[in-house]
2 protein chains.
Amino acid sequence: MAAAFSLHPRLAADTAHVTRLALCHVLLMNDARVPWLLLVPERPALQELHGLPAPERALLMEEITVASQVLERLYRPDKLNVGALGNLVPQLHVHVIGRYRSDAAWPGPIWGSGPAIPYEPDALAAEVERLRTAFAEE
Amino acid sequence: MAAAFSLHPRLAADTAHVTRLALCHVLLMNDARVPWLLLVPERPALQELHGLPAPERALLMEEITVASQVLERLYRPDKLNVGALGNLVPQLHVHVIGRYRSDAAWPGPIWGSGPAIPYEPDALAAEVERLRTAFAEE
């Protein structure tokens with residue numbers, strides 16, 4: 001499921017590739033606890049949001065919006081969490097995560113909160129397919 | 001130090017007002033562990049980034065960039081963390097935080113990681129003044 005672009009091995013190991021938008025690759029975190037997308041601009045040397053040129057920053061914000069709308073439509077989360085941290089992985093990536101008052105980490109951040117629970121392989125493939133269809137409809 | 005706009009009491013209690021940009025108020029979190037800004041668009045009813053109209057989303061991204069540059073210039077952090085969570089406070093706000101490999105929460109997120117360490121009152125006022133000058137120079 002690894003994407004055919006320059007992706008940090010840690011991101012590749014933890015995700016499945018969903019689709020490509022104008023700026024970013026969209027990845028699904030292999031963690032069934034919550035619906036969790038990563039947006040990764042194809043700029044492997046960049047670590048900080050503000051390292052993107054201004055037009056790409058604006059495009060990134062629009063792709064965050066699209067990802068947020070897809071998550072809301074498919075998963076009806078109580079809240080979205082959006083973040084660019086990168087303390088562990090030196091490649092710019094933005095998390096867009098659906099959160100629930102009932103999830104294990106609520107109301108704390110999901111980052112660093114307990115181990116991921118991987119999807120069953122069939123379930124992962126099915127989620128990727130649902131997401132791919134939803135992004136194509138946006 | 002509370003800002004003269006509609007600010008959730010929890011945000012008001014935890015911050016000092018730095019300045020007003022085109023879209024957002026800039027607040028300094030009263031937590032001396034790390035340099036920690038909040039950007040709060042004057043849209044008190046909004047909770048999600050993608051609830052902003054597109055031009056304001058683009059403006060928000062530019063104000064995140066300015067805040068990031070100010071933090072880098074004044075505090076030389078090892079990494080910036082940018083996030084919109086809002087699990088606890090139902091008013092849209094974006095965190096822009098300078099992180100250090102030596103800080104208490106590294107490499108985890110600072111949100112939910114231990115109690116804040118308030119500045120001494122004089123130190124808080126001095127930081128606000130430094131920040132205000134730096135934003136005016138951007």
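What pattern does chain A follow, read along the sequence? Chain A follows α-β-β-β-α-β-β-α. The model is predicted: local features need pLDDT of at least 70, side-chain atom pairs count only at pLDDT 80 or more, and totals for chains, interfaces and linings use all residues. Residues are numbered from 1 along each chain as its sequence is written, while chains are lettered from A and ligands numbered from 1 in the order in which they are written.

## One chain

Chain A has 3 helices and 5 strands. Helices (H or I, at least four residues) and strands (E, at least two) are DSSP runs, numbered from the N terminus. The radius of gyration of chain A, taken over C-alpha atoms, is 14 Å. The globule rule (2.2 Å times the number of residues to the power 0.38) gives 14 Å for 138 residues, so chain A is as compact as a globular protein of that length. Its C-alpha trace spans about 40 × 30 × 25 Å along the principal axes.

Buried residues make up 36% of the 138 residues in chain A. A residue is buried if 20 or more other C-beta atoms lie within 10 Å of its own, exposed if 12 or fewer, and partly exposed in between; these C-beta atoms are placed from the backbone.

Contacts come next. Two residues are in contact if their C-beta atoms, placed from the backbone, lie within 7 Å. Take the contacts in chain A between residues at least 6 apart in sequence: 56% of them join residues at least 24 apart.

The largest nonpolar core has 64 residues. Such a core is a set of buried Ala, Val, Leu, Ile, Met, Phe, Trp, Tyr and Cys residues joined through C-beta atoms within 7 Å. Leu39(A) and Val96(B) are among the residues with the most contacts inside the largest core. Leaving aside neighbours within four places in sequence, Leu39(A) touches several residues, including Cys24(A), Leu60(A) and Val96(A).

Where does Val96(B) sit? Val96(B) lies on one side of E5(B) with Val94(B) and Gly98(B), while His95(B), Ile97(B) and Arg99(B) lie on the other, and all are buried. Strand E5 (residues 94–99) of chain B has 6 of its 6 residues buried, so it is largely enclosed by the rest of the structure.

Strands pair if DSSP finds at least two bridges between them.

| Strands | Sense | Bridges | Residue pair |
|---|---|---|---|
| E3(B) and E5(B) | antiparallel | 4 | Leu38(B) and His95(B) |
| E4(B) and E5(B) | antiparallel | 5 | Val82(B) and Val96(B) |
| E4(A) and E4(B) | antiparallel | 3 | Gly83(A) and Gly83(B) |

## Where the chains meet

The contact takes 27 residues from chain A and 27 residues from chain B. On the chain A side, helix H2 (54–75) and strand E4 (79–84) each supply at least two residues. H2(A) gives the largest share, 7 residues. By class, this side has 13 nonpolar, 10 polar and 4 charged residues. Here Ala, Val, Leu, Ile, Met, Phe, Trp, Tyr, Cys and Pro count as nonpolar, Asp, Glu, Lys and Arg as charged, and the others, Gly among them, as polar.

How are the two chains related? A rotation of 180° with 0.0 Å of shift along its axis superposes chain A on chain B, with an RMSD of 0.0 Å. That is the relation of a two-fold axis. In chain A, the C-alpha nearest the axis belongs to Gly83(A), 2.0 Å from it. Copies are superposed by least squares on the C-alpha atoms of residues with pLDDT of at least 70 in both.

Of the interface residues of chain A, 100% are also interface residues in chain B, so the copies meet through the same surface.
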